[in-house]
Amino acid sequence: MGSRVQGKVAVITGAASGVGKEDALLLAREGARVVLTDVNEEAGQAVARQIGDAALFIKHDIASEDGWKQVIAKTEEAFGGIDVLVNNAAILAYGTIETTTLELWQKIQRVNSDGYFLGCKYAVEAMKKRPNGSIINMSSISGIGGVSSFCAYSASKAAVAGLTRTVAAHCRAQLYKIRCNSIHPDGIATPMVMNLHADKSAPTAYIREKDPKQLQARFCQPQDIANLVLFLASDESRFINGAEMRIDNGYAMWAD
Ligand SMILES: NC(=O)c1ccc[n+]([C@@H]2O[C@H](COP(=O)([O-])OP(=O)(O)OC[C@H]3O[C@@H](n4cnc5c(N)ncnc54)[C@H](O)[C@@H]3O)[C@@H](O)[C@H]2O)c1
């Protein structure tokens with residue numbers, strides 16, 4: 001047990017699984033009270049039970065504006081306010097520019113882009129009442145570089161990066177004590193991508209990389225992301241605002 005985010009209240013979306021679950025566990029171990037949200041109620045409740053009294057689970061679809069209003073209201077009622085938002089929940093599906101339907105495109109933007117916009121909008125309003133706010137947006141290396149077989153997902157993650165910059169610039173200009181940063185991982189060993197390896201028809205480098213050494217070089221663990229989330233949530237990062245932080249073991253660098 002530590003105290004790096006002692007006294008803070010953090011809302012983490014998509015906290016029933018993978019990275020969000022790890023974020024919630026680590027922030028709680030470091031003294032935060034945590035509100036876990038997810039569409040998966042059973043798994044989300046189980047993580048909240050594991051944490052105990054410092055946790056509250058709320059069933060929440062991040063694409064719903066009413067859902068966000070309820071999450072903020074219930075968080076303020078239970079814990080008095082909100083200091084940290086980890087916009088983490090997202091969905092992933094295959095599709096190039098040629099194979100992606102408008103329906104799939106809109107389904108992904110609704111969650112991965114609209115959901116993050118709503119989270120930032122309502123968090124800024126709530127965090128203005130608190131001394132130090134931090135919004136942490138989960139983007140992806142695909143939001144910087146673009147991945148051909150994840151057209152809609154890559155575009156949604158680029159939207160998250162742009163949204164992050166505008167929120168940071170706005171809060172700075174308004175002299176709000178609210179920071180907003182984005183995290184850009186390559187692969188993380190979570191259900192979101194590990195299931196893709198079972199899909200033999202998948203037209204992607206993720207599947208071609210069957211070599212365990214390549215996979216090890218490429219895939220980090222959820223804790224590797226949670227460690228940066230903890231730093232960005234804490235006041236240790238108080239002058240870091242509008243940053244795009246890659247966690248990719250140098251994947252985006254040129255190698256010769
Ligand atoms: N896993 C990777 O390789 C990878 C790489 C780069 C970025 N990311 C990003 O990291 C974040 C966490 O992903 P993960 O790998 O832990 O995925 P995951 O699939 O393990 O967890 C995502 C969680 O989000 C929830 N969720 C999905 N749609 C939702 C909605 N509309 N409302 C609320 N909850 C919803 C799911 O139920 C699930 O519990 C995502 O933003 C993802 O895009 C993941």
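These legends walk through close-up views of a predicted model with its ligand.

View 1. Let's start with the setting: the largest pocket is where the ligand sits. Around the ligand are 29 residues, and the closest are S17, D38, N88, Y153 and T190. Sorted by class, this shell holds 16 nonpolar, nine polar and four charged residues.

**View 2. Polar atoms facing the ligand.** Zooming in on V19, one of its backbone N or O atoms lies 2.9 Å from an oxygen atom of the ligand. A polar backbone atom of I62 is 3.0 Å from a nitrogen atom of the ligand. For Y116 it is the side chain that takes part, with a polar atom 3.2 Å from a ligand oxygen atom. On its own the ligand has 830 Å² of accessible area, and the protein covers 92% of that.

View 3. Which helix gives the largest share of the shell around the ligand? That is helix 7, with three residues. Helix 7 spans 191-194, and the elements that each supply at least two shell residues also include helix 1 (18-29), helix 4 (102-127), helix 6 (151-173) and strand 7 (187-188).

**View 4. Helix 6 and the residue after it.** Here is helix 6 from end to end: its 23 residues reach 33 Å from the first C-alpha to the last. That span is close to the 33 Å expected at 1.5 Å a residue. Following helix 6 comes L175, which has a positive phi near 60 degrees.

Technical notes: Residues numbered from 1 in each chain as written. Predicted model: local features only at pLDDT ≥ 70, side-chain atom pairs only at ≥ 80, totals over all residues. Heavy atoms only, no water. Near = heavy atom within 4 Å. Polar contact = N/O pair within 3.5 Å; in protein donor to acceptor, adjacent residues only side chain to side chain. Areas by Shrake-Rupley, 256 points an atom, 1.4 Å probe, with all protein chains shown as cover. 1 Å grid on protein atoms, 1.4 Å probe; cavity = no way out; pocket = protein on both sides within 12 Å on 5 of 7 lines; lining within 4 Å. Sits in = over half its atoms within 2 Å of the grid points. Helix = DSSP H or I, 4+ residues; strand = E, 2+ residues; numbered from the N terminus. Nonpolar A, V, L, I, M, F, W, Y, C, P; charged D, E, K, R; others polar. Expected span 1.5 Å × (residues − 1).
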